[in-house]
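Work through the following exercises with the sequence and the model side by side. Try each task before reading its solution.

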Amino acid sequence: MNHLDPFRHVRGESQYLDDVPVQHGTLYAAVVESPVAHGKLLTVDATAALALPGVVHVLTAQDIPGKNQIGGIVPDEPLLAEGHVHFRGQPVALVLAESEHAAHAALAHVRVEVSPLPIITDPRVAAAQGELLVPPRTFRIGDPGEAWAGCAHVFEGVAESGGQEHLYIETQGAYAFPTEMGGVRIISSTQGPTAVQRHTAHVLGLGMHQVEVDVTRLGGGFGGKEDQATPWGALAALGAFVARRPVKLVLDRMADMRMTGKRHPYSSDFKIGLDADLKIVAYEVTFYQNGGAAADLSPAVMERTLFHSTNTYFIPNVTATAYSCRTNLPPNTAFRGFGGPQGMFVIESAIACAAERLGVPAAEIQRRNLLREGDLFPYRQPAEGCHAEQAWDTAAGLFDLPARRREVDEFNRTHRWQKQGLAVMPICFGISFTKTAMNQARALVHIYTDGSVGVSTGAVEMGQGVNTKIAQVAARTLGISVNRIKVESTNTTRVANTSPSAASATADLNGKATELACLALRERLLRLASTELSMNYEGLHIENEQVLAAGKPADTTWEKLVSAAYWQRVNLSENAHYATPDLHFDATTNQGYPFAYHVYGTALTTVQVDCRRGTYEVQAVQIAHDFGQSLNPAVDRGQIEGGAVQGIGWMTLEELVYNEEGRLLSNSLNAYKIPDLYSAPRVLDVHFLDTPGHSRAVMRSKAVGEPPLMYGIGAYFALRDAVRAFNPDSGISFSAPMTPEKVLVNLHPSFLNTPPTAWNSSAPLTSATTSAAC
């Protein structure tokens, strides 16, 4: 079946936060931002603003009745600045007015006085000054220190990956209403309804039971609304609580880009050692994560980087260390892949470095080092149900990798000013929240007397099709048409204590909970049927809304059975809880079994570069992907295609730029470029790998949200391959994104008066028999 929502989307019937009918008496909120990136907050004077027509309140930290704190992992983030400001755009005050125009007009009349302090924007500078959000973490297996002596080849280098703007279609926002008995109800554009509920309760000094959060759907999230939807929900609720009137707060696009965190930029050092047979013997990597001004989710993102620091390769000796660095930028946050892509980019850079120095194809090193069944990851979980080699070999055979390599080489031999590049990108991505306690979900299922079914879970629909999959799970388990299923909005009153819709685990957790609830209801109904039909319960089944006895239609249907259950006072509601079994991880030793399973795949990426202009196109991305037993191939294919293109954007076009004062320069869609129709691959071919799935995946259908983004990394290395085909001596560094400007500079370093190494932030090249710098 197809995704359930697009029909409503294209007809304009889908309701998003800004479509909610405005309630009488609503006030509109606008946020007063810090004008500098770091300083001592001296005064906030709202006298002039309050004198303007239509302005009702200007709230500051002093107006917060509870705790002025919304930090999740680390309590280091005030809702409204108090004492100091730590990034440009940090909320300092909240204007409430009778109209949007009046609220935004008042912003210019609120006087914020700040005594400037030194500004840090570089994570390496922050680390050198001891400005860390949390202590560093190290994952270790084997002993690289001893292993280097046994390596035939050792290479070192630096890899830089940039940030990425989420650019969801629907900006951040919330609509809050005061309720009787002093509570609040919030309609929030959030991936984490419980996080909004919890932090709002703390800010207002209420119990969580007095804060209701409701989410129908999001116009995109990509991780940007996991934690960072919280301040806007809490601010709207604060306004409603103080004013005792509804308050609506929706950021405009430029404010959203200016005030919110992004994908974390990373600066990383690597050292890789190989034996004479090109087997990777040892790997050391140090990650410097730019966390921004507050922890937000940076510690968890940093941890995920360490989990995925070796991608899909078995390396017996690994030391991976990560520093989460405090800078004076907006707190960076979750983004599709959650630190995994940054770690994978570095190991792929290390392999490319070794291949280029040794004069062998990178694919040769990649293939020789793929994970096999039972191999240990650096966190000591064994690879189980490992399909790394199967994915590679399928992609290489199906899309004829040797022939593609020959075609690219022949094209490059016969074309002077056009060059093609080819890269192979294998992936391995663990599925689960790495904080074990978050791997739980609940579902509430009601069967109504007419046979229709309502399902409530903690899953948030944000375009990924999770509601479609949950409806399928309910329909398949109950044996009825999906047309009878309604998936309700996500509401903290109906389903409490939810984990955010993140970590690619939403369908698994909430789908499994739905399945358990529906199994309990089905059993209840069939036991009633066995009594009424005087038949053995084990011989009864429901299929296509017909009760079957030993495979043959019995004298009852779904509707009749439900009606009979009601009249015999059988419970037609069920609340189920699911917790992923067997997971454990010891953060003190950094060892355990943190993932329910892993997803594998391989992509071949081909690009073509115009060597006069530096422009390029991604010609083809050809993927063999491990879906398991896909519950919905149409939805899953869409996730693969969208994720791959988003990854290509991160690796090629999307350059996030702040100046030394912490001001965002790529602050609009004129300055920040994302892939459009013309940037997408001309060919995007997705092959469903023949794998059995996993019992911990919902109906053995593996998670598909985050893994495909990593296929986009292949575009960077394909471009690098094309640049080196034109100019093997370009001195190109491992610095992403590979924008057309960077391509042009590396094609023609002589255009510049400075050496290539100055432009590429790379150490001067050195040569040696067994070791070299990249």
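**Exercise 1. Sort the residues that line the largest cavity into nonpolar, polar and charged.**

Solution. The lining of the largest cavity divides into five nonpolar residues, six polar ones and one charged one, where Ala, Val, Leu, Ile, Met, Phe, Trp, Tyr, Cys and Pro count as nonpolar, Asp, Glu, Lys and Arg as charged, and the others, Gly among them, as polar. Before checking this, note that the model is predicted, that local features need pLDDT of at least 70 and side-chain atom pairs pLDDT 80 or more, while totals for chains, interfaces and linings use all residues. Residues are numbered from 1 along each chain as its sequence is written, and side-chain values use heavy atoms, with hydrogens and water left out.

Step one is to find the lining, which consists of Phe433, Gln440, Ala441, Arg442, Gly458, Thr498, Ser499, Pro500, Ala505, Thr506, Leu509 and Asn510. Two elements give two or more residues to this lining, namely strand 17 (440-447) and helix 15 (506-533); helices (H or I, at least four residues) and strands (E, at least two) are DSSP runs, numbered from the N terminus.

Step two is to recall what a cavity is: on a 1 Å grid over the protein atoms alone, it is a set of points where a 1.4 Å probe fits but cannot get out, and lining residues have an atom within 4 Å of a point. The largest cavity holds about 60 Å³ of space, the volume being the space filled by probe spheres set on the points, which are joined across faces, edges and corners. The structure has four cavities of 30 Å³ or more.

**Exercise 2. How do the residues that line the second largest cavity divide into nonpolar, polar and charged?**

Solution. Begin with the lining, which is made up of Ile431, Ser432, Asn439, Ala505, Asp508, Leu509, Thr580, Ala596, Tyr597 and Arg696. Sorting these residues gives five nonpolar, three polar and two charged. The space in this second largest cavity is about 50 Å³.

**Exercise 3. Describe the length of helix 6 and find how many of its residues are buried.**

Solution. First take the length: helix 6 (residues 193-204) has 12 residues and reaches 16 Å from its first C-alpha to its last, close to the 16 Å expected at 1.5 Å a residue, the expected span being 1.5 Å times one less than the number of residues.

Next comes the covering, for which buried means under 20% relative accessible area, exposed over 50%, and partly exposed in between (1.4 Å probe, protein chains only). Helix 6 is mostly covered, with 10 of its 12 residues buried, among them Pro193, Val196, His199 and Leu204. The elements that cover these buried residues include strand 10 (184-188), strand 11 (211-215), helix 7 (230-243) and strand 20 (490-491), where contact means heavy atoms within 4.5 Å.

**Exercise 4. Is Glu545 buried or exposed, and is Asp582 buried or exposed?**

Solution. Most residues other than glycine have a negative phi, and most peptide bonds are trans. Glu545, however, has a positive phi near 70° and lies in the loop between strand 21 (540-543) and strand 22 (546-549). Asp582 has a positive phi as well, of about 75°, and its place is the loop between strand 24 (573-579) and strand 25 (584-586).

Now compare the accessibilities with the cut-offs: Glu545 counts as buried because its relative accessibility is 18%, whereas Asp582 is exposed because its relative accessible area is 51%.

A further backbone feature is the cis peptide bond that joins Ala736 and Pro737, with omega about 10°; Pro737 lies in the loop between strand 30 (734-736) and helix 19 (740-747).

**Exercise 5. Which residues is Thr327 in contact with, leaving aside its neighbours within four places in sequence?**

Solution. Locate Thr327 in the loop between strand 15 (317-326) and helix 10 (340-358), and note that Thr327 counts as buried because its relative accessible area is 1%. With the neighbours within four places set aside, Thr327 is in contact with His86, Ile120, Thr121, Asp122, Pro123, Ala126, Asn290, Gly292 and Ala293.

Methods:
On a 1 Å grid over the protein atoms alone, a cavity is a set of points where a 1.4 Å probe fits but cannot get out, and a pocket is an open set with protein on both sides within 12 Å along at least five of seven lines; lining residues have an atom within 4 Å of a point.
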